[in-house]
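Visitor: I would like to learn how to read a model of this kind, one feature at a time. Please give the general idea and then the case at hand.

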Amino acid sequence: PYDKSTMKDLEQAINQADLGLSVASDSEGLRVIFPILTTERRTQYVKIAKDKYEEAKIKIKLAREKSKREIEDESKSGGISEDVKLRSLEDLQKIVDKASAECEAMLSNKERELMGDN
């Protein structure tokens, strides 16, 4: 690390992350030793990636609902017309579909990468 006073904190954070990494510190810095990727470990990483994908899907849905509520509230208050509301909701759904497809593609790529199917 650039700031040597943070070395202990970095080492502790890496150990607490429970990533299966070994950390050795010396006067020059930190050495992070990555274990050999076994099939079991690769499967664990795929599971982590799938969990992150599910979290992303939930966040996308929550953002969609929040935006949808804002559009509907604006329509109810007379700030936008019914046509603008419908067009906005359609655009919102297109954005959500695109984001979902991108997340799914990232998961698929990461899964292939982790399992060595490149």
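Visitor: What share of the contacts in the chain with a separation of 6 or more comes from residues 24 or more positions apart?

Guide: Contact means heavy atoms within 4.5 Å. In this chain, residues 24 or more positions apart make up 43% of the contacts with a separation of 6 or more. This is a predicted model, in which local features need pLDDT of at least 70 and side-chain atom pairs count only at pLDDT 80 or more, while totals for chains, interfaces and linings use all residues. Residues are numbered from 1 along each chain as its sequence is written, and side-chain values use heavy atoms, with hydrogens and water left out.

Visitor: How many helices and strands does the chain have?

Guide: Helices (H or I, at least four residues) and strands (E, at least two) are DSSP runs, numbered from the N terminus. Here there are 3 helices and 2 strands, in the order α-β-β-α-α along the sequence.

Visitor: Which way do strands β1 and β2 run?

Guide: Two strands pair if DSSP finds at least two bridges between them. Strand β1 (residues 22–25) and strand β2 (residues 30–33) are antiparallel and joined by 4 bridges.

Visitor: How much of the chain counts as buried?

Guide: Buried means under 20% relative accessible area, exposed over 50%, and partly exposed in between (1.4 Å probe, protein chains only). Of the 118 residues, 15% count as buried.

Visitor: Why does Ser-75 count as buried?

Guide: Ser-75 counts as buried because its relative accessibility is 15%. Ser-75 is part of helix α2 (residues 39–76). Beyond its neighbours within four places in sequence, Ser-75 touches Ile-80, Glu-82 and Lys-85.

Visitor: Is Ser-88 buried or partly exposed?

Guide: Ser-88, in helix α3 (residues 82–115), is partly exposed because its relative accessibility is 25%. Its C-alpha atom is 7.3 Å from that of Ile-71, which is 17 residues away in sequence.

Visitor: Where is Leu-10 found, and what is Leu-10 in contact with?

Guide: Leu-10 belongs to helix α1 (residues 7–16). With neighbours within four places in sequence left aside, Leu-10 has contacts with Pro-1 and Leu-30. Leu-10 is partly exposed, at a relative accessible area of 36%. Between the C-alpha atoms of Leu-10 and Gln-44, 34 residues apart along the chain, the separation is 24 Å.
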